[in-house]
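Hi,

Here is the structure I promised to pass on. Please have a look at it first, and then read my notes below.

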Amino acid sequence: MAPSKPDSSASCGDGDAIVSCSKTENGFSSSLSLYHSEKAVEELLQQTPLQGTDDHLVEFSEALRTVAKALRRAAEGKASAQAEAAEWKRRYELERSRNLQLEHKEKLPGECIGNLDSRRAENSVKEPVPQIEQNEHSEKDCMKHGICSHEVLHDGETDSSPNMANKNLMKKASFKLSWWCKGASEDQHNHDIVSFERGNITTAERSSKQISLKWESDPQTVLILTKPNSVSVRILCAEMVRWLKEHKKLNIYVEPWVRTELLTESSIFNFVQTWKEEREVLLLHTKVDLVITLGGDGTVLWAASKFKGPVPPIVPFSLGSLGFMTPFHTEHYRECLDTILRGPISITLRHRLQCTVIRDAAKNEYETEEPILVLNEVTIDRGISSYLTNLECFCDNSFVTRVQGDGLILSTTSGSTAYSLAAGGSMVHPEVPGILFTPICPHSLSFRPLILPEHVTVRVQVPFNSRSSAWASFDGKDRKQLAAGDALVCSMAPWPVPTACQVDSTNDFLRSIQDGLHWNLRKTQSFDGPRDS
């Protein structure tokens with residue numbers, strides 16, 4: 001029996017025509033034309049009544065199936081190439097912006113020196129010369145012994161009057177980060193990781209020591225973030241605001257709804273400042289010297305999400321259920337804050353992930369969504385679909401594996417005690433730089449979690465042959481749908497979250513898993529049992 005003639009709108013006639021009728025663009029076929037071509041082949045296979053006695057029809061059907069597979073592979077190859085191109089474009093733009101910032105910073109010292117020379121010629125004053133040498137010497141010492149923070153901020157207004165210039169000039173509290181070890185008297189840290197003396201590679205110094213923060217100027221401004229819908233937190237917040245203003249003379253920022261509650265309680269809280277527009281939140285890091293959180297780990301996540309770039313040091317007080325990141329207790333908050341404001345203090349640098357969603361429907365690589373920073377984890381799951389999640393995972397453009405299960409977790413080491421732990425991932429010290437790769441209920445007996453190094457870029461893509469879409473959530477919120485061909489690109493963000501330690505990072509971490517999870521809690525074996533003879 002001759003095969004029935006398919007509809008001309010669904011197909012071009014035969015296998016060769018199907019391939020040639022799809023428009024090519026930059027060496028790859030259009031996704032829409034490939035999809036229609038593959039659909040036309042499937043319809044042709046369904047419309048063709050094959051009989052076992054006709055060998056020609058069997059060969060023709062096999063040829064059509066081969067063409068369908070080739071079209072499917074071409075579509076998947078196009079999606080992979082587009083994601084790779086978008087990732088390389090993003091890296092290029094990021095590197096270009098960094099180079100422009102470096103060039104701008106290099107030009108600033110020359111401009112400052114030019115201004116000083118002009119003033120020196122007008123006033124014939126020679127005293128600034130030793131001051132400049134002293135500043136250069138202090139900057140060299142900072143770069144030698146640790147990390148310094150020196151920031152002079154302007155509010156954007158200009159005035160020729162010197163009095164107005166002094167008012168518009170606001171100095172943010174500067175501090176210095178240094179590495180230290182217990183029992184070590186010197187404050188200097190050797191950044192050399194390995195030694196090549198006499199051709200032998202040996203470990204010279206560890207790169208990660210306990211980090212200490214020392215204020216070089218007194219903090220002036222504090223941001224207090226609280227857990228909502230809690231009477232005890234509201235009472236403590238009012239008491240802490242009053243104490244910081246009366247005894248420490250600090251400028252205090254709170255969220256708009258917190259300021260409303262404080263003014264409802266008493267009009268003496270008129271001095272408390274807040275913001276009116278969301279764009280002002282983006283400039284908080286230029287005003288705030290210290291952040292205080294009253295709540296649990298969720299409040300710390302909320303505080304970190306307020307800062308899309310650099311994050312001021314955070315002092316987390318425990319008023320929640322589990323406190324893996326909140327080592328301070330509110331019973332002695334005056335003594336704790338007095339010690340922290342006086343310094344030095346130990347801090348934990350908690351790494352964050354920078355996540356970018358790349359849509360297959362984007363017309364060009366510039367149509368990418370704004371990056372999202374997460375402190376705990378980003379989760380890709382199947383949502384309400386009953387089908388297995390089908391995800392293709394790449395690490396630095398090298399194929400890693402295909403996830404088939406409920407989903408995948410990409411976690412920071414700070415988030416290793418959260419969702420990743422519940423899915424079978426390992427608990428990792430928060431200062432260990434790495435990305436946790438943890439599957440959620442994989443349909444495989446050999447799929448074990450991984451810990452990847454911090455410098456890699458992980459790309460998770462939904463293939464075109466996936467039966468359903470996937471859903472991505474960032475620190476448990478901001479869910480986004482990932483359709484076929486969409487990809488999620490994750491890398492380590494350059495802005496960590498510094499949290500204050502009660503003792504040090506290791507002591508606080510071990511105590512948190514012992515108190516919060518009762519880690520390895522077991523009765524001690526009785527001593528009066530059988531013994532080795």
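Let me start with Arg-350, which is found in strand 14 (residues 345-350); helices (H or I, at least four residues) and strands (E, at least two) are DSSP runs, numbered from the N terminus. This is a predicted model, in which local features need pLDDT of at least 70, side-chain atom pairs count only at pLDDT 80 or more, and totals for chains, interfaces and linings use all residues. Residues are numbered from 1 along each chain as its sequence is written, and side-chain values use heavy atoms, with hydrogens and water left out.

Arg-350 counts as buried, at 7% relative accessibility (buried means under 20% relative accessible area, exposed over 50%, partly exposed in between, with a 1.4 Å probe and protein chains only). Leaving out residues up to four places away in sequence, Arg-350 touches Phe-324, Met-325, Leu-375, Ser-414, Pro-430, Pro-496, Val-497 and Thr-499, where contact means heavy atoms within 4.5 Å. The side chains of Arg-350 and Ser-414 are joined by a polar contact of 3.4 Å (a pair of N or O atoms within 3.5 Å; within protein, one must be able to donate a hydrogen and the other to accept it, and residues adjacent in sequence count only if both atoms are side-chain atoms).

Asn-376 sits in the loop between strand 16 (372-374) and strand 17 (377-381) and is buried, at 10% relative accessibility. Beyond residues up to four places away in sequence, the residues that Asn-376 touches include Met-325 and Ser-414.

Now the cores. The largest nonpolar core has 37 residues, and those with the most contacts inside it are Ile-224, Leu-244, Ile-292 and Phe-317; such a core is a set of buried Ala, Val, Leu, Ile, Met, Phe, Trp, Tyr and Cys residues joined through side-chain atoms within 4.5 Å. Helix 6 (residues 231-248) gives the most to this core, with eight residues. Another core, of 28 residues, lies apart from it, with Val-374, Leu-391, Phe-447 and Val-456 among them.

As for cysteines, Cys-237 is buried at 3% relative accessible area, whereas Cys-441 is exposed at 54%.

Finally, confidence: the mean pLDDT of the protein chain is 78, and 71% of its residues reach 70 or more (pLDDT is the predictor's confidence in each residue, from 0 to 100). Over residues 1-31 the pLDDT is below 50, and over residues 185-197 pLDDT stays under 50. Where pLDDT is low, the predicted coordinates should not be read in detail.

Best wishes
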